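Have a look at it first, then read on.

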Amino acid sequence: MLVGLLALTVTAAFAGAAIYISVAEQPARLRLDDRALLQEWQPAYKRGAAMQASIAVVACVLGVVAWWQTGSLAYLVGAVLIILPWPWTLIAMMPTNRSLEAMDAAATNPQARALIVKWGNLHLVRVALGVLAALAFLWGGV
């Protein structure tokens, strides 16, 4: 079924981007000094948030359509899992995000490193949700 395959593909893109952030971008940024660390995180977060949020919405809609067309519970589970990063971000991550966004990137912010480390740990939940959603969509296509 084409819609289910599209849901899987878009979700895999979300999961891949989330994994990349956790295994490549976050470790690389943590090697920067405190000022450069925040200067890198702020624009990277804005771009990444817009990208991942839109991918999650598209994947969720595709998953719901696939569930509606097939009646397979796996597609509904995948749709729920891929949209869960939204409430996770709004409820658990937003206080950290807002603190980091409010900091002056031109100044030295000693607390920025600890908050970016915390952010990276919180981001791992988004990785897990993306991977689980992809597995659910894969299960739906079997």
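Are α2 and α4 roughly parallel or roughly antiparallel to each other?

## Ground rules

This is a predicted model, where local features need pLDDT of at least 70 and side-chain atom pairs pLDDT 80 or more, while totals for chains, interfaces and linings use all residues. Numbering runs from 1 along each chain as its sequence is written, and side-chain values use heavy atoms, leaving out hydrogens and water.

## α2 and α4

The angle between α2 and α4 is about 160°, and their axes are 12 Å apart. That makes them roughly antiparallel, so there's the answer (angles over 145 degrees count as such; axes are lines fitted to C-alpha atoms over the stretch in contact, and angles run from 0 to 180 degrees between N-to-C directions). Among the residues that meet here are Trp 41 and Tyr 45 from α2, and Trp 86 and Met 94 from α4 (contact means heavy atoms within 4.5 Å).

## α4 and α5

Helix α5 covers residues 110-140, and packs with α4 at about 170°, axes 10 Å apart. These two are therefore roughly antiparallel as well. On the α4 side you'll find Trp 88 and Met 93, among others, and on the α5 side residues including Trp 119 and Leu 122.

## Who lines up where

Helices here are DSSP runs (H or I, at least four residues), numbered from the N terminus.

Notes
Parallel < 35°, antiparallel > 145°, perpendicular 65-115°, else oblique.
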